[in-house]
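Welcome, and thanks for taking a look at this protein with us. Please open the sequence and the structure side by side, and then read on.

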Amino acid sequence: MLNTGRLHLLSQLDTLGTVRAVADTLHLSASTVSQQLAVLETETRCRLIERTGRRVRLTPAGLLLARRAREILDRMADAEAELRALNDEPIGTVRLAVFQSAIYSLAVPAANRLATTHPHLRLELVEMEPHENGPALRSGEADVIVTTTDYSGLTWGTDLDVMSLGSDPVLLVLPNGHPLAARAAVDLAACKEETWACDRPQSYMADLTVRLCRESGFEPRVACRFSNYLMLLRHVETTGSIALLPALAVTADHAVVTRRLSPPVHRNVAVVVRRGVPQRAAVNAVIAALRDHPEIEALSAPGPSREGREAAPRP
């Protein structure tokens, strides 16, 4: 009889491409993954994996079983969801991957409400930026994600259900007393001589900052790159740098001022799950808690604008 744990490893190898990536995703050692895949080959009496130099790839038999494994695992999840639905009680663990600026404004309040309304549900929060959480959702590492649908690096196919949470304005963040703070809205062309604080390379906000600056006719002069928005805001406070940040990321306890861009730019925030997989009652409860959030000023902005129009997902 096939072992579902080993089938999951094979499916993950098909999705992620390397034994090391599978091991890192599932918090196992690479040798454990390789040993379990070898056992699966013995169980099936088929060669499932072949080496090409220092890498491995699935054989035709391995590809066939990996695709079937996903169907088998989804059917098992379906059966488990139906059994749990008999008493309609949201129970078990739901992994929610959220980008940094939505953790304390959106995810933590939702987790607190769920702890009261559904005490048998365990919500596991994981910080993942838009370039990370889409692949995590598809691989099964996350059950639900909060992301921006404006991230062009993720293909929005028919395998995903996207539910809007609101439109979050992208703001210019300035130190107190900066001359540009006298304006109600700022054209980025006025910032070509400024020093910039940015997110890490190839992240959503770093890519957006570079693109908008280039569209305004200049290359940003970057003084620092921090993945932590609190550190980035602190840099603006203390060094006189400027930054672009979503409104959700800017808290009131920093000595900075924010101004909207001219023309305005927004990112569209959404909760996303895999389509075609029957959702457990616990997953549905998490989705409901995220969508029924108390009013958040940053998510009541009008949109879409320039950014939203360019990168909106295909229906």
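Predicted model: local features only at pLDDT ≥ 70, side-chain atom pairs only at ≥ 80, totals over all residues.

Residues are numbered from 1 along each chain as its sequence is written, and side-chain values use heavy atoms, with hydrogens and water left out.

**Cysteines**

- The structure holds zero disulfides, a disulfide being a pair of cysteine sulfur atoms within 2.5 Å.
- A disulfide is a covalent bond between the sulfur atoms of two cysteines.
- Cys213 counts as buried because its relative accessibility is 0%, and Cys198 is also buried, with a relative accessible area of 3%.
- Here, buried means under 20% relative accessible area, exposed means over 50%, and partly exposed is in between (1.4 Å probe, protein chains only).

- Helices (H or I, at least four residues) and strands (E, at least two) are DSSP runs, numbered from the N terminus.
- Strand 10 covers residues 243-246, with Ala243 and Leu245 pointing one way and Leu244 and Pro246 the other way.
- Are these four residues of strand 10 buried or exposed? All of them are buried.
- Strand 6 (residues 160-175) runs antiparallel to strand 10, and four bridges join the two; strands pair if DSSP finds at least two bridges between them.
- Val173 has Ala243 of strand 10 as its bridge partner.

**The cavity**

- Rolling a probe the size of a water molecule over the atoms shows where empty space is left.
- On a 1 Å grid over the protein atoms alone, a cavity is a set of points where a 1.4 Å probe fits but cannot get out, and a pocket is an open set with protein on both sides within 12 Å along at least five of seven lines; lining residues have an atom within 4 Å of a point.
- Grid points are joined across faces, edges and corners, and a volume is the space filled by probe spheres set on the points.
- The whole structure has one cavity of 30 Å³ or more, and the largest cavity holds about 40 Å³ of space.
- Its lining includes Cys198, Asp199, Tyr229, Leu244 and Leu245.
- Strand 8 (195-198), helix 7 (204-215), helix 8 (229-239) and strand 10 each supply at least two residues of this lining.
- Seven nonpolar, one polar and one charged residues make up the lining of the largest cavity.
- In this count, Ala, Val, Leu, Ile, Met, Phe, Trp, Tyr, Cys and Pro are nonpolar, Asp, Glu, Lys and Arg are charged, and the others, Gly among them, are polar.

**The second largest pocket**

- The second largest pocket has a volume of about 270 Å³.
- Helix 5 (103-117) and helix 8 are the elements that give two or more residues to its lining, and the largest share, three residues, comes from helix 5.
- Among the lining residues are Ile103, Tyr104, Tyr229 and Leu230.
- The lining of this pocket has eight nonpolar, four polar and no charged residues.

**Salt bridges**

- How many salt bridges does a search of the whole structure find? There are 16, each being a side-chain nitrogen of Lys or Arg within 4 Å of a carboxyl oxygen of Asp or Glu.
- Arg67 and Asp14 meet in one of them (2.6 Å, N to O). Arg67 lies in helix 4 (residues 60-85) and Asp14 in helix 1 (residues 4-16), so the pair ties together parts that are 53 residues apart in sequence.
- Glu71 and Arg68 form another (3.2 Å, N to O); being three residues apart in helix 4, they are separated by about one helical turn.
- Asp161 pairs with Arg275, the closest N and O atoms being 2.6 Å apart. Asp161 lies in strand 6 and Arg275 in the loop between strand 12 (266-274) and helix 9 (281-291), so parts 114 residues apart in sequence are tied together.
- Arg275 counts as partly exposed at 41% relative accessibility, and Asp161 is partly exposed at 27%.
- Arg70, Asp74 and Arg274 are linked in a network of salt bridges.
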